[in-house]
Amino acid sequence: MPLMSEPAWRRACAAALAGLPGITPRRLSALLGDAPPDTVWHQLGDGMQPTEALVSTIGQHLGEVLGVWRRHVRQTDPADVLARYDQAGVGVWTPFDEYPGKLTGDPWRPMVLFHRGNSLVISAPTVGIVGTRRCSAEGLANARRFGAELAEAGVAVVSGLALGIDGAAHAGALSVTGGAPPIGVAGNGLDIVYPKRHRELWRDVGEHGLLVSESALGVSPEAWRFPARNRIIAGLSQVLLVVESNKGGGSLLTANEALMRNVDVMAVPGSIRSRASVGTNALLRDGAIPACSTQDVLEVLSMNQPDHVLIPLRLPLDDDLPVLEAVERYPTSTDDVMLRTGCSMGEIAVALLRLEESGWISGIDGWWQRVNDDTAEGAHCM
């Protein structure tokens, strides 16, 4: 291991494993299993014994694939791989270290998740908004309105950066000054903009919100990657809203992924004469919750929050981040916060009040405690 911390080395090996030739989410999951990335990396280089999961996933070409991977490992330095990600401003999450709490218990979670932007956004209440690329003008307007009004309420809009409904929802979220920034889930490497027409949208989501992908840098958009991406959208969403969908649209696949995770699925009713509403009307027929306004969505979302209360999370100011990092998940005294930050009592008092008003911490009689499980990871990754 080079001169870096153990967590950094694990992230380096995870990024390198995600870049193996011919790797897929299923293969990476079978390869890692319950073993940390650094252990698997060394085993691959030494000629690992294939597990049952690998045999089942790869099949008759297992020997050939392992041979290709072994040669790749021997020619690759994970430290160089991680340096490339650092230079690109892309972070690495794995279930073995920092990882979004919303995906922790997901049985189909990505074993490596790349991210760029403000990782604190991942801790906000989330609503996924998806729909068809071939949408109506009314569908575009509805998606933009839902995106804007949810962001204004402190809800991060999760979507797939695609043309049509996805892009309109993100554009709506970005149009709100001081609202919750959106989360964009890509089906390719974060250094490749797809679709190209959304170059500005990608830039804005990355600068003001968060971009995530399980694909390594340099990975091109391939058709099979987008249905795989849909499970991440569903996993990050506490409610999934389908604005418009045709009979066999990809948004219906996302809805199915949400249902498998017990995520409430909502749909906007549409005209029975509109092809763009065939899928959403079918969802409503089969039991999806109607979404006729943003308030409908907020009411369902509030049922999924602790104590059935929706707490809008504003992102902390940069000056407040050291104070946020100093507050533990168990009660922490104001004196401890002052010792850990080196800030004056006046500065700390103001920061603590702002963080409490934003929903990041709670305080009683001079003792402070983090409210959100993802706060530590998100703040540390800024």
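Begin by selecting Thr280, which in this predicted model has its place in helix α12, the run of residues 278-285. To see what is around Thr280, leave aside its neighbours within four places in sequence and show its contacts, which are Val242, Val243, Glu244, Ser245, Ala267 and Val268.

Next, go to helix α3, residues 37-46, and colour Pro37, Asp38, Val40, Trp41, Leu44 and Gly45, which are buried. Turn the view until you look down the axis of α3: the buried residues fall within an arc of 165°, so they line one face of the helix. An α-helix has 3.6 residues a turn, so residues three or four places apart point the same way. If you then display what covers the buried residues of α3, you will find that it includes α1 (6-18), α2 (25-32), α5 (62-74) and α6 (78-88).

Select Leu161, in the loop between β4 (156-159) and α8 (165-174), where phi is about 65°; at 0% relative accessibility, Leu161 counts as buried. Then move to Asn262, in the loop between α11 (250-260) and β8 (264-267), where phi is about 60°; Asn262, with 74% relative accessibility, counts as exposed.

For the next stop, select Tyr194 and Pro195, which are joined by a cis peptide bond with omega at about -5°. Pro195 is part of the loop between β5 (183-185) and α9 (199-208).

Finally, zoom out to the protein chain, which has 17 helices and 12 strands, and whose C-alpha trace spans about 65 × 55 × 35 Å along its principal axes. Its radius of gyration is 22 Å, which agrees with the value near 21 Å that a compact globule of 382 residues would have. Buried residues make up 51% of the chain, and among contacts with a separation of 6 or more, 72% are between residues 24 or more positions apart. If you show the accessible surface, which comes to about 17,600 Å², carbon and sulfur atoms account for 51% of it. Colouring by charge picks out 32 positive and 43 negative side chains, and the centres of these two sets lie 12 Å apart.

Methods: Residues are numbered from 1 along each chain as its sequence is written. This is a predicted model: local features need pLDDT of at least 70, side-chain atom pairs count only at pLDDT 80 or more; totals for chains, interfaces and linings use all residues. Side-chain values use heavy atoms; hydrogens and water are left out. Buried means under 20% relative accessible area, exposed over 50%, partly exposed in between (1.4 Å probe, protein chains only). Helices (H or I, at least four residues) and strands (E, at least two) are DSSP runs, numbered from the N terminus. The arc is that of the directions from the helix axis to the C-beta atoms. Contact means heavy atoms within 4.5 Å. The radius of gyration is taken over C-alpha atoms; the globule rule is 2.2 Å times the number of residues to the power 0.38. Accessible areas come from the Shrake-Rupley method with a 1.4 Å probe; for residues, only the protein chains shown count as cover. Lys and Arg count as positive and Asp and Glu as negative; His and the chain ends are not counted. The place of a charge is taken as NZ of Lys, CZ of Arg, CG of Asp or CD of Glu.
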